[in-house]
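Open the model in your viewer and keep the sequence panel beside it. The tour goes from one selection to the next and says what is there.

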Amino acid sequence: MNYKAVIIGGSAGSFQVVTKILSSLPKSFPIPVMLCLHRLKHVRSGFVEALSLKSNIPIEEPYDKDQLKPGRAYLAPANYHMYIELANRIALSTEDVVNHSRPSIDLSFITAANAYREKLIGIILSGANKDGAYGLKKVHDCGGITIVQDPNECEVKTMTTSALQLTKADFVYTTDQIIRFLQKIN
Amino acid sequence: MTELGIVDIREIIRAIKSFYNYDFGNYALTSFKQRLERLIIRNNLTNADSLIKKLRDEPDFFDLFLLEISVPSTEMFRDPSLWRWLREDFLPSVIEKSIGKFKIWLPVCVSGSELFSLMILLSELKLLDKVSIIASSQSNKSIEIMKEGQYDLKKIEVSTENYIRSNGSGNFTDYYKLDRYYAFRDTSLISNVEFNKLNINFDNAPANVKLILFRNSLIYCNPTMQDRILSVLSDSLSASGILITGIKERISGISSNKDFEIMNEAESVYKKRIIG
């Protein structure tokens, strides 16, 4: 299957999982990885640095209109929504919070689903609110692959169980299974 | 939820252009789409056609459209480190040195959060009588809301935290009063502000401006429109004038950026180059 992008959403309890995933991807991962993780609005620095410590691929907080490139990860910046526009470009926005969140996982997933349709892999991880559930449904409705972290493994289950209530995910995976799935992409 | 397709959006843009000679064709697509969808829900409309019909039949609605299509600043004193820099490093010395009034322009005001933040800062620095402030907006309704001081109650808490982090020297509670549905900001702060209605092309931009506060507006424009707006802003600024953009807005990809050099990278502050 010819995937064009991976998008990962998570909140409370997702940091370790994301770190593990990023440290297990091959350096030449063939597609871009978008990360929409809930974070404090007023803390601009430190998050990318913390995620980068063990990551095999470079991570950045994109500027508006930056072009997504394969083998790189893009973390939604503090207090901005991160959209994916057509032509592989990031668009940032300061619109209202959605599900009390900015960045909102729903908005990132919806726009990525519109941009990449069936060529998108959407992954929802541990988290404490329902943000991302609607977005994952949108990924599914557009024909993309949907993966939800096994709620039994999640530090906080609300996000994954909300996603599973709304969408029958293609896969309910543990962190290790998510990693093996991603490692097979080429 | 109403979801608009690309054809719907083109139809809406075409209709507005024919009714009002406003061209939204250079707005960034995804956020424009979301604003339109939000506007359709908020006004109890159902789809693109019903929006177009309302725009055609009710000219007064167009002013509200201009307000609702704009994205207000998320909160007051967003990015407290910028406000701290303005307070402690930049404004006092540059305003003291200014010959004549130090002219500051806010080209896109929606809710007035940037404006009131700035006025609180200038008031605490006791610099209000040394500045002249121009606040522009596309919508009359928006100007009315700012003049009344009306503000979203939900944003008071985060604005207060930001104000404290920006090293505000007073009590933030002194700057607003609570009502049942809104907070009302102290409008005496803006009594000398000149409000100006600016169209989408920025045709009536002021001249000889020393500082432009223009944060998180370029993100809603495509590169063509960014380029045009930046060249208007550059023309507005006097020699060595300062432009502040949002921290995740990059002006380096925009062709008119040759007019600017970086002054404070972390806070996205640019200085107009002296040509010659």
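Two residues are in contact if their C-beta atoms, placed from the backbone, lie within 7 Å. This is a predicted model, in which local features need pLDDT of at least 70 and side-chain atom pairs count only at pLDDT 80 or more, while totals for chains, interfaces and linings use all residues. Residues are numbered from 1 along each chain as its sequence is written, and chains are lettered from A and ligands numbered from 1 in the order in which they are written.

**Stop 1: a residue in chain B**

Select Ile145(B), which is found in helix H7 of chain B. Helices here are DSSP runs (H or I, at least four residues), as are strands (E, at least two), numbered from the N terminus. Which residues does Ile145(B) touch, not counting residues up to four places away in sequence? They are Ser111(B), Gly112(B) and Gln150(B). Ile145(B) is buried because 20 other C-beta atoms are within 10 Å. The cut-offs, with C-beta atoms placed from the backbone, are 20 or more other C-beta atoms within 10 Å for buried, 12 or fewer for exposed, and anything in between for partly exposed.

**Stop 2**

Axes are lines fitted to C-alpha atoms, for helices over the stretch in contact, and angles run from 0 to 180 degrees between N-to-C directions. Angles under 35 degrees count as roughly parallel, over 145 as roughly antiparallel, 65 to 115 as roughly perpendicular and the rest as oblique.

To see the contact, show Asp63(B), Leu64(B) and Leu67(B) on H4(B), and Asn140(B), Lys141(B) and Ser142(B) on H7(B). By class, these are two nonpolar, two polar and two charged residues. Nonpolar means Ala, Val, Leu, Ile, Met, Phe, Trp, Tyr, Cys and Pro; charged means Asp, Glu, Lys and Arg; the others, Gly among them, are polar.

Next colour the buried residues of H4(B): Phe65(B), Leu66(B), Leu67(B), Glu68(B) and Ile69(B). Their cover includes helix H2 (29-42), helix H3 (48-57) and H7 of chain B.

**Stop 3: a loop in chain B**

Go to Asn167(B), in the loop between helix H8 (156-165) and strand E4 (176-178) of chain B. Its phi is positive, about 65°, although Asn167(B) is not a glycine. Asn167(B) counts as partly exposed because it has 13 C-beta neighbours inside 10 Å.

**Stop 4: the sheet of chain A**

Switch to chain A and show its strands. An open sheet of seven strands has the order E3-E4-E2-E1-E7-E8-E9, with parallel pairing. Strands pair if DSSP finds at least two bridges between them. At the edges are strand E3 (59-60) and strand E9 (171-173) of chain A, each pairing on one side only.

Zoom in on strand E7 (residues 120-124) and strand E8 (residues 145-149) of chain A, which pair in the parallel sense over four bridges. Which residue in E8(A) is the bridge partner of Ile124(A)? It is Val148(A).

H1(A) packs on the sheet, touching strand E1 (5-10), strand E2 (33-37), strand E4 (73-75) and E8 of chain A, and its direction makes about 155° with that of E1(A). Helix H3 (residues 105-116) of chain A lies across E1, E2 and E7 of chain A, at about 165° to E1(A).

**Stop 5: two helices of chain A**

Select helix H1 (residues 15-24) and helix H6 (residues 175-183) of chain A: they pack at about 30°, with their axes 10 Å apart. That makes H1(A) roughly parallel to H6(A). H1(A) contributes Val17(A), Lys20(A), Ile21(A) and Ser24(A) to the contact, and H6(A) contributes Thr175(A), Ile178(A), Ile179(A), Leu182(A) and Gln183(A). These divide into five nonpolar, three polar and one charged.

**Stop 6: the loop between E6 and H3 of chain A**

Select Asn99(A), which lies in this loop. Asn99(A) has a positive phi of about 50° although it is not a glycine, and it is buried, with 20 other C-beta atoms within 10 Å. Pro103(A) is found in the loop between E6 and H3 of chain A too. The peptide bond from Arg102(A) to Pro103(A) is cis, with omega near 10°.
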